[in-house]
Amino acid sequence: MKNIVILDAKTLGALDFKELENIGKVTYYDSTKPEEVKDRISDAHVVLTNKVVLKEENLKDAKNLELICETATGFNNIDIAYAKVNKIAVTNVAGYSTNTVAQHTFATVLALYDKIAYYDNYVKSLAYAKSGLFTNVSVPFYELEGKTWGIIGLGAIGRRVAKIAEAFGAKVIYYSTSGKNSNSEYERVEFKDLLDKSDIISIHAPLNKDTEGLINYEALRLMKKNAILVNMGRGPIVVEKDLAKAIDEDLIAGAALDVFEVEPIKEDNPLTSVKNIDKLILTPHIAWASVEARDRLFMEVVKNIKAFYNGELRNRLEV
């Protein structure tokens with residue numbers, strides 16, 4: 001009987017874990033603090049983690065450990081080098097969230113473009129009932145048709161966003177952060193050109209030396225004053241204090257973020273105290289997490305475990 005430990009089950013939401021129970025004895029923890037990891041995985045054969053950090057310090061005494069399952073795509077929370085030396089297999093799951101991240105991207109863009117929060121509040125506050133007019137166009141809103149949509153990170157999610165943007169009638173351009181990505185469907189531009197030309201910029205790139213701090217105050221100054229910024233990639237790609245300053249100085253028209261430099265955000269995060277708070281949409285890293293996406297993710301994890309014990313190489317990380 002294999003001992004399977006889930007270190008941060010709460011990040012997966014209300015899923016049916018019975019499939020795991022068919023493989024072994026399952027121990028669930030809603031969340032796990034760094035100092036609790038060592039004891040909790042001491043007898044485990046399989047460990048599931050989303051954001052809990054697994055490194056030599058807490059792995060070295062887990063003598064039974066055979067497999068680490070990253071319940072996400074990114075695996076920077078796992079010491080891959082240590083796992084490889086100690087013959088601990090590591091798997092991840094890719095592609096499960098493409099549709100839902102693209103959908104959340106457009107949910108936030110359309111909310112900003114159509115001023116949904118303002119007009120929803122206008123009706124619910126009874127201001128509309130008291131107005132005497134059948135409509136209210138006091139806060140201008142705009143169409144996506146004819147706008148230029150700039151994408152940073154034209155991977156699977158970026159390409160999905162591009163297709164939907166085209167369906168709205170937008171022109172798509174993109175910037176390759178590595179300088180290696182070439183896509184014949186869309187115009188590839190330099191970073192400064194993307195900032196200068198785009199009405200909407202959406203970020204779908206990984207975090208690395210080329211992207212960390214990419215959107216700073218200088219970059220924001222080069223954007224159009226009526227442009228909006230959307231970050232669905234990784235939090236540290238955007239310098240949050242610079243974005244807060246740019247919003248308050250009306251350098252750009254608005255921004256939507258689902259990822260942050262530190263998660264959860266701290267109470268003194270500069271984005272929570274901007275004067276023009278109506279220009280911001282902030283969601284708690286949920287773009288990946290539709291019910292369907294989480295179901296796909298979990299079933300892929302189960303398949304990864306079964307494949308491992310069947311001697312198959314499936315979603316194995318060899319770094």
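Glutamate 66 and lysine 2 form a salt bridge, with their closest N and O atoms 3.3 Å apart. The model is predicted.

Me: Where do glutamate 66 and lysine 2 lie, and how far apart are they in sequence?

Reply: Look up the element that holds each partner. Glutamate 66 lies in the loop between α3 (56-59) and β4, and lysine 2 lies in strand β1. The pair therefore ties together parts that are 64 residues apart in sequence.

Me: Is glutamate 66 buried, partly exposed or exposed, and what about lysine 2?

Reply: Read the relative accessible area. Values under 20% count as buried and values over 50% as exposed. Glutamate 66 has 24%, so this residue is partly exposed. Lysine 2 has 25% and is partly exposed too.

Me: How many salt bridges does the whole structure have?

Reply: A search of the whole structure finds 16. Take lysine 275 and aspartate 248, whose side chains meet at 3.8 Å, N to O. This pair links distant parts of the chain, 27 residues apart. Lysine 275 sits in the loop between β11 (254-257) and β12 (280-282), while aspartate 248 sits in helix α11 (residues 240-248). Lysine 275 is exposed at 65% relative accessibility. Aspartate 248 is partly exposed at 22%.

Me: What is the distance, N to O, in the salt bridge of lysine 209 and aspartate 210?

Reply: Their side chains meet at 3.5 Å. Check each partner's accessibility separately. Lysine 209 is exposed, with a relative accessible area of 76%. Aspartate 210 is partly exposed at 34%.

Me: Now the wider layout. Which domains does the assignment give?

Reply: Read the residue ranges first. Domain 1 covers 2-96 + 291-310, and domain 2 covers 98-282. The centres of domain 1 and domain 2, taken over C-alpha atoms, are separated by 33 Å.

Me: What is the strand order in the five-stranded sheet?

Reply: The order is β2-β1-β3-β4-β5. The sheet is open and its pairing is parallel. At the edges stand β2 (24-28) and β5 (89-91). Each has a single partner strand, so one side of each is left without a neighbour in the sheet. On average, neighbouring strands of this sheet are turned by 15° against each other, direction ignored.

Me: How many bridges pair strand β1 with strand β3?

Reply: Three bridges pair β1 (residues 2-6) with β3 (residues 46-49), in the parallel sense. To see a bridge partner, find isoleucine 4. Its partner in β3 is valine 46.

Me: Which strands does helix α12 lie across?

Reply: Trace the helix over the sheet. Helix α12 (residues 291-309) lies across β1, β3, β4 (67-70) and β5. Relative to β4, helix α12 runs at about 160°.

Me: How many aromatic pairs are there?

Reply: The count comes to 10. For each pair, read the distance between ring centres and the angle between planes. Tyrosine 122 and tyrosine 128 have ring centres 6.0 Å apart and planes at 45°, so the pair is tilted. Tyrosine 122 is buried at 14% relative accessibility, whereas tyrosine 128 is partly exposed at 33%. Phenylalanine 308 and tyrosine 309 form an edge-to-face pair, 4.9 Å centre to centre with 75° between the planes. Tyrosine 309 is partly exposed at 30%.

Me: Which residues form one aromatic cluster?

Reply: Tyr118, Tyr119, Tyr122, Tyr128 and Phe141 do.

Me: What about the backbone? Which residues does a cis peptide bond join?

Reply: Look at omega. A cis bond joins glutamate 263 and proline 264, with omega about -5°. Proline 264 lies in the loop between β11 and β12.

Me: What is the phi of lysine 87, and what is that of histidine 285?

Reply: Lysine 87 has a positive phi of about 55° although it is not a glycine. Lysine 87 is in the loop between α4 (80-85) and β5, and is exposed at 72% relative accessibility. Histidine 285 also has a positive phi, near 50°. Histidine 285 lies in the loop between β12 and α12.

Key. Residues numbered from 1 in each chain as written. Predicted model: local features only at pLDDT ≥ 70, side-chain atom pairs only at ≥ 80, totals over all residues. Heavy atoms only, no water. Domains from an automatic or database assignment. Pairing = 2+ DSSP bridges. Helix = DSSP H or I, 4+ residues; strand = E, 2+ residues; numbered from the N terminus. Axes fitted to C-alpha atoms, helices over the stretch in contact; angles between N-to-C directions. Contact = heavy atoms within 4.5 Å. Salt bridge = Lys/Arg side-chain N within 4 Å of Asp/Glu carboxyl O. Buried < 20%, exposed > 50% of the residue type's maximum accessible area, 1.4 Å probe, protein only. Phe/Tyr/Trp six-rings, centres within 6.5 Å; stacked < 30°, edge-to-face > 60°.
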